[in-house]
Amino acid sequence: MKKVAFYTLGCKLNYSETSSISRMFEQRGYQKVAFNDTPDIFIVNTCSVTDNADKKCRKIVREAQAINPDGYVAIIGCYAQLKPQEISEIPGVDAVLGAAEKFRLIDLLDGFVKEPTQDKGKVYASPIEEAIEYHVSYSLNDRTRTFLKVQDGCDYPCAYCTIPLARGKSRSDTIQNVLKAAHEIAARGVKEIVLTGVNIGDFGLQDGHRNETFLQLIQALDEVEGIERFRISSIEPNLLTDEIIAFVAQSKRFVPHFHIPLQSGSNKILGLMRRRYRRELYVERVAKIKELMPYCCIGVDVIVGHPGETQEAFLETYQFLNELDISYLHVFTYSERPNTAALEIKPVVPQSQRAERSKMLHILSDKKRRAFYESQLGSVRTVLFEDEVVNGYMQGFTENYVRVTAQYDPLLINELKTLRLTQIINDGLVEVEEAAAEVLIH
């Protein structure tokens with residue numbers, strides 16, 4: 001029985017796909033082991049959002065060689081689709097598989113036998129136009145929470161982004177298949193499913209035709225018994241409709257938490273980025289959410305240092321975010337990517353200014369998160385506790401994404417507990433206490 005290990009770089013979508021590919025190996029008789037457990041086969045699932053992700057891939061290959069010089073190393077994922085020849089020349093790489101090939105790697109690589117005379121890795125990477133199949137994927141590494149892929153690819157040509165080049169056209173699973181996967185996950189005792197994809201608000205495209213909608217999907221999932229919570233990972237503001245917001249507000253299982261990419265608070269920069277909305281729409285989306293769910297957590301993606309972003313444009317973004325009723329930021333520093341339209345935009349922002357702007361927004365995010373947590377103190381929430389224990393304490397998330405801490409109790413692991421939020425402690429976590437049974441969540 002050959003031993004296989006996996007390493008995943010990048011987004012939750014990658015993690016869901018790695019998990020599904022690992023189950024394919026186990027079904028074929030391979031033994032899944034830890035990366036440092038001298039595996040015979042190393043599978044590295046890559047990201048290519050930034051240059052740093054590319055460098056990480058190279059480092060993981062070196063580590064694999066150090067662990068087992070005779071191990072077979074296969075590279076999959078976005079970096080593998082974008083630069084297969086470049087990866088194939090990394091010492092120690094045996095095979096590179098693109099987006100259309102990664103779910104067939106067991107058959108394509110035929111036993112994972114190293115060839116001593118091979119001077120570089122074999123490449124199995126079709127043009128991205130051939131990545132048209134949809135593959136069901138979900139993670140099962142955590143018995144508390146599962147990431148379920150419902151959509152793949154993207155038809156939005158944002159100026160800074162390589163995802164359409166790495167993952168292909170937008171395509172989706174069917175609602176019927178998603179429900180089947182959700183029932184399988186529920187049968188394993190998982191309490192929370194996070195819906196993930198590249199552009200999940202675009203759900204419903206199959207074979208180039210829109211057969212279903214994201215609203216229909218969440219309406220169907222809301223009836224799945226056994227899953228206590230569904231969380232929407234990220235959804236574009238132009239696809240987040242009033243109907244979706246209203247449904248989540250009265251839903252049995254969808255939690256009051258949205259993550260909505262903004263990328264810039266300057267309309268000029270949004271235009272340069274080729275985003276499909278302007279800041280006024282974003283304000284409307286946040287206002288509608290807070291009108292129906294005042295306690296809702298709202299996370300925001302923002303990019304600093306995009307070409308053309310003057311100091312004035314950055315300060316416009318900073319002020320916009322500072323005044324917006326949001327809960328936290330995910331801050332990304334712009335990174336030049338080959339074959340993207342942003343490379344033609346001037347002026348280019350110096351790295352030092354990018355770093356300074358990123359630092360300012362990280363500080364703002366900390367302030368926003370603390371203010372949101374403070375607004376929730378005294379309220380009664382349901383907490384789903386995780387099984388990681390540190391120094392005798394366990395952690396979990398409320399339905400509206402407040403991270404709480406409590407003394408370890410094995411009975412609470414993977415359980416939903418109704419608790420009152422009491423105070424924020426030094427590391428930014430919130431302490432909780434028992435709430436009276438008659439207290440309603442508000």
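In which sense do strand 19 and strand 20 pair, and over how many bridges? The analysis rests on a predicted model, in which local features require pLDDT of at least 70 and side-chain atom pairs count only at pLDDT 80 or more, while totals for chains, interfaces and linings use all residues. Residues are numbered from 1 along each chain as its sequence is written, and side-chain values use heavy atoms, with hydrogens and water left out.

Strand 19 and strand 20 (residues 403–407) pair in the antiparallel sense over 5 bridges. Strands here are DSSP runs (E, at least two residues) numbered from the N terminus, and two of them pair if DSSP finds at least two bridges between them. Within this pairing, glycine 396 stands opposite valine 404 of strand 20. The hairpin of strand 19 and strand 20 has 4 residues between the strands, and tyrosine 401 takes a positive phi near 65° there.

Strand 19 (residues 393–398) also pairs with strand 18 (residues 380–390), in the antiparallel sense and over 5 bridges. Valine 389 has methionine 394, in strand 19, as its bridge partner. With 2 residues between the strands, the hairpin of strand 18 and strand 19 includes asparagine 391, at a positive phi near 50°.

A search of the whole structure for disulfides (pairs of cysteine sulfur atoms within 2.5 Å) returned 0. For cysteine 158, the nearest cysteine sulfur, that of cysteine 161, lies 6.2 Å away.
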